[in-house]
Amino acid sequence: MDWNSATEDSIRAASAFSPVLKRPKRLLQNHDNLLHYIQIGLSIVISVAVMFALAWWRDGGVILEHYRTLALIAGLLILVVYEWRGVFRRFSGRIDTCLRLARSWLLVVALTVVATFVTKTGEDFSRMVIISWAAAGYLAQVLAYQISFKLSERYRYTRRQPIRAVVLGSYWLAEHLVESITSNAWMPDRVIGVVDDNKEGLDRWVRDPVPYLGDFDELLQILQSNNITRVYIALPITCSATIEEACRKLADVPVDVVWVPDIFAMRLLNHSVKELNGLPLISLSESPLVSQSQALAKSMIDKTVALLALTLLSPLMIAIAYLVWQSSPGPVIFKQKRHGWDGKVIEVWKFRSMYMHFDKRVKQATQNDDRITRIGRFIRRTSIDELPQLFNVLQGTMSLVGPRPHAIEHNDLYTNKIQSYMLRHRIKPGMTGLAQVNGLRGETDTLEKMLRRVELDLEYINTWSIWSDIKILIKTPFSLFSKTAY
């Protein structure tokens, strides 16, 4: 099957499939909404109760009325922040949920304290109460979450009617889907078996705890005999004709139909699924900063921290500038053209660490490189030579955290050797990054080292968040002692 015909078949299959997508969509939207709001309500009640208990213990009932407005503010902040952060909506393990709860709770406490400063009522509240409330309130919420999780889990297993499902598919996608459904305690689905036309792969289902039920021609009979209420279609895009035929067969059958498109054979970057007037839009590659609010938040943090760092480090930078000027003739600041966000060419600033020289092509610094001055060797190893890039951050051409910008000549070289190399430019380049705090600073003298750096850069883009930036900034000082930077 050629690509054009495969694409046309896929479009027709998606069009035929759209009516039956509406039924499971409604179910997924309402999935566990009640438990979600119960857990948020518990957090509000518990945090307010802890605040009042601590205020009573510290100041007595006379001063208690001062905390009523503060408790109201805190309760509203919990509702907004927890809903925004999806604290109890996503299931990724209880430990991850507790960590997500901790970050959201700290944000609530910080905003509550800010509210006391804005309203000039900070003197009405005991610092001991606020600090104790921050610690005890979180522990009480974690306890309530664990209890509600256990109770809801028991309800699922004992009272909730499971949704009997089959998976129509083959290859690794169907296997991965079956494993994901059966290992997720929050999903009500119970996979009864697999319908597979791929005769060569039947051995895998014989060994798998989920049985093989038959081939595609037996689908309707299988649904009826096993009392199936949901069908997952997990087929590669080359099987678009089979997907279209399955949609026709299932159109008159009272079952939910869920399509799991095989997009993972492609190199994905921050992929997501959206909807436009009932039409599913699958983003295969996009910058994580498509949201204006996210881009603004990252930019504000960058410029605030950069301005503070320049203020604190200005004596050191002046001293280094003098030593560079004394070391050899030439400018103190070295400017090099590199690729920035979306591949745009920018000028990156550094303290000059080499003697003035002319090379026909850009060459990475190596160990015992005779082009490096004495002071240059020190500032390169400690990354002090990168400090002028704080001005790049203030200009907006760089960020504090992001993939390190490489020389344009290096980009031209590696673009043809490493697949999806230029995807690392879908976000602002940074002074430090995930690759650097994982030991990949300095020279990349082998293709394997550059490949590993690119993999970490793409992982950073795929998992980007403000919190990940903060963690990388905290780890950066400890990574400056790497012996790979020359």
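The side chains of Asp 256 and Arg 230 are joined by a polar contact of 3.5 Å. Such a contact is a pair of N or O atoms within 3.5 Å; within protein, one must be able to donate a hydrogen and the other to accept it, and residues adjacent in sequence count only if both atoms are side-chain atoms. The model is predicted: local features need pLDDT of at least 70, side-chain atom pairs count only at pLDDT 80 or more, and totals for chains, interfaces and linings use all residues. Residues are numbered from 1 along each chain as its sequence is written, and side-chain values use heavy atoms, with hydrogens and water left out.

Asp 256 lies in strand S5 (residues 256-259). Strands are DSSP runs of E, at least two residues; helices are runs of H or I, at least four; both are numbered from the N terminus. Asp 256 is buried at 15% relative accessibility. Buried means under 20% relative accessible area (1.4 Å probe, protein chains only).

Five aromatic pairs are counted. Rings of Phe, Tyr and Trp (its six-membered ring) pair if their centres lie within 6.5 Å; planes over 60 degrees apart count as edge-to-face. Tyr 67 is buried at 0%. Phe 125 is also buried, at 12%.

Buried residues of H3 include Leu 70, Ile 78 and Tyr 82. Gly 86 follows H3 with a positive phi, near 60 degrees.

Technical notes. Rings of Phe, Tyr and Trp (its six-membered ring) pair if their centres lie within 6.5 Å; planes under 30 degrees apart count as stacked, over 60 as edge-to-face and the rest as tilted. Buried means under 20% relative accessible area, exposed over 50%, partly exposed in between (1.4 Å probe, protein chains only).
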